[in-house]
Amino acid sequence: MSLVQTYRKPKVFGLTVLGALVLGALAGWLGKGTWLAPVLAKIGSTFTALLQLTVIPLVFTAIVVGIASLRNLGGGRTAARLGGKTFLWFATTSFIAVLIGIAVASVLRLGQGVQIEPAAGAVDKLAKRASGSWQALLDNLVPTNIFSSFTEGDVLQVVFIAVLVGFAAYALGDKAAPFTNLVKSFFEIIQKVVGWIILLAPIGIFGLIGNAVASYGNAFVKPLFSLILAVYAGSALVLFVVYPILLKFVGKTSPVEFFRKAGTAIQFAFVSRSSGATLPLSRKAATDLGVPQEYANFAVPLGTTTKMDGCAAVYPAIATIFIANLFGIQLSVWQYAGIVLVAVFGALATAGTTGWYTMLTLTLSVVGLPPAVIATGVAVVYAIDPILDMMRTATNVAGQITVPVLVARSENLIEEPAAPAEKDLVNA
């Protein structure tokens, strides 16, 4: 077996990624303030750009193929039932996650006694940025130009278009077969390209982690350490407690087996900070856990854009309470209820690369904090966002794999695979 073939094996690749994490952190620590810091930043940004290049075509083709593939699992009632259960579990786990976020922030009394002042330029810049709102969500949902949705990278609109096209192809059946086959071919091509990019992950991760350590390992992080701790603790409770319990007792799946097969995807999500870029690995993890490919093609891509327990539930709850306490604002019971409401029903607002910002500002607006407080508070947490985003994204992806397992088990669709020969990462 050649060196390249050995490297492509998931276990070897996973160990290589872990090694890159350690070496990248060391390089960032040693390279802070030297020529190495911008080199690490360039490596990381190039890798991220490659990943983002594939997100829009991957999401569109995956959702269209996934909806069309539901025909193979039964009739329209089966498809509707699967879709309904999928969204129900999306909402249920978001509800649990936001309650955990509120509990963690309340117990730690986040923000109380913290003294920190963000740069005025950062506050002004974020104040001018469009904040999340229900009205903006509805206004931006339906595109006025199909092509601009793709060229401008508006993930939410692309999802809307993909769902419409997918259900139209499902309804037409054999009449849409030529189109469906074309989209399937494009989907496979995109997946192949993503597979090649993923092979570069250790290099990209080396740069991303190194840049994070070099850029954010400063005194600004110290007063915000409690916020970092809270986000990681809340996300870890969802990732390592809530999901395993649901998998064990609802999905009838061993948590150990889950993390063994989904570990590479979760790990890749942590360092890449992109659910979209992790989609091929997430989809493979779901099918490895016995989820039929037809349903996985539908549920995992949909979850990638709308199912984000880390970014849309745990984090907005914790950050909102932190910002309120930072300015001495006491939240009422109804304001806490507003945080829960946004987490359960506002997940669509997180679609896209700026989802955390949209979701946080939407939550802050619903809670009713003054605009000046929102701008300043977001500027404070923005400084350490890359550190927070790693754990948030890992939690997102774990949930995007967990829900299809739960739904497939409830429909008796789980396929108990025999232990197959290990496939390589690109051709899996």
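Let me start with one pair of side chains. Glu-411 makes a salt bridge with Lys-85, and their closest N and O atoms are 2.6 Å apart. By salt bridge I mean a side-chain nitrogen of Lys or Arg within 4 Å of a carboxyl oxygen of Asp or Glu. Glu-411 sits in the segment after α19 and Lys-85 in helix α4 (residues 76–108), so this pair ties together parts that are 326 residues apart in sequence.

Before I go on, some housekeeping. This is a predicted model: local features need pLDDT of at least 70, side-chain atom pairs count only at pLDDT 80 or more, and totals for chains, interfaces and linings use all residues. Residues are numbered from 1 along each chain as its sequence is written, and side-chain values use heavy atoms, with hydrogens and water left out. Helices (H or I, at least four residues) and strands (E, at least two) are DSSP runs, numbered from the N terminus.

Back to the pair: is Glu-411 buried or exposed? Glu-411 is buried, at a relative accessible area of 15%, while Lys-85 is partly exposed, at 26%. Here buried means under 20% relative accessible area, exposed means over 50%, and partly exposed is in between (1.4 Å probe, protein chains only).

How many salt bridges does a search of the whole structure find? It finds seven. In one of them, Glu-257 and Arg-260 meet at 2.9 Å, N to O. These two are three residues apart in helix α12 (residues 255–272), so about one helical turn separates them. Glu-257 is partly exposed at 26% relative accessibility, and Arg-260 is exposed at 54%.

Another joins Lys-284 and Asp-288, with the closest N and O atoms 2.7 Å apart. Both are in helix α13 (residues 275–288), four residues apart, about one turn of the helix. Lys-284 is partly exposed, with a relative accessible area of 23%, and Asp-288 is partly exposed too, at 27%.

Next, the nonpolar cores. A nonpolar core is a set of buried Ala, Val, Leu, Ile, Met, Phe, Trp, Tyr and Cys residues joined through side-chain atoms within 4.5 Å. The largest one has 118 residues, and those with the most contacts inside it are Leu-227, Tyr-295, Ile-318, Phe-322 and Ile-401. Which helix gives the largest share of this core? That is helix α19 (residues 385–410), with 13 residues. Apart from this core lies another, of six residues, including Met-308 and Val-342.

Now helix α11. This helix covers residues 225–249, which is 25 residues, and reaches 35 Å from its first C-alpha to its last, close to the 36 Å expected at 1.5 Å a residue. The expected span is 1.5 Å times one less than the number of residues. At Val-238, α11 bends by about 25 degrees; the bend is the angle between axes fitted to the seven residues ending there and the seven starting there.

Last, two loop residues. Most residues other than glycine have a negative phi. Arg-109 is not a glycine, yet its phi is positive, about 50 degrees. Arg-109 is in the loop between α4 and α5 (120–127), and is exposed at 57% relative accessibility. Lys-252 also has a positive phi, near 50 degrees. Lys-252 lies in the loop between α11 and α12, and is exposed at 55%.
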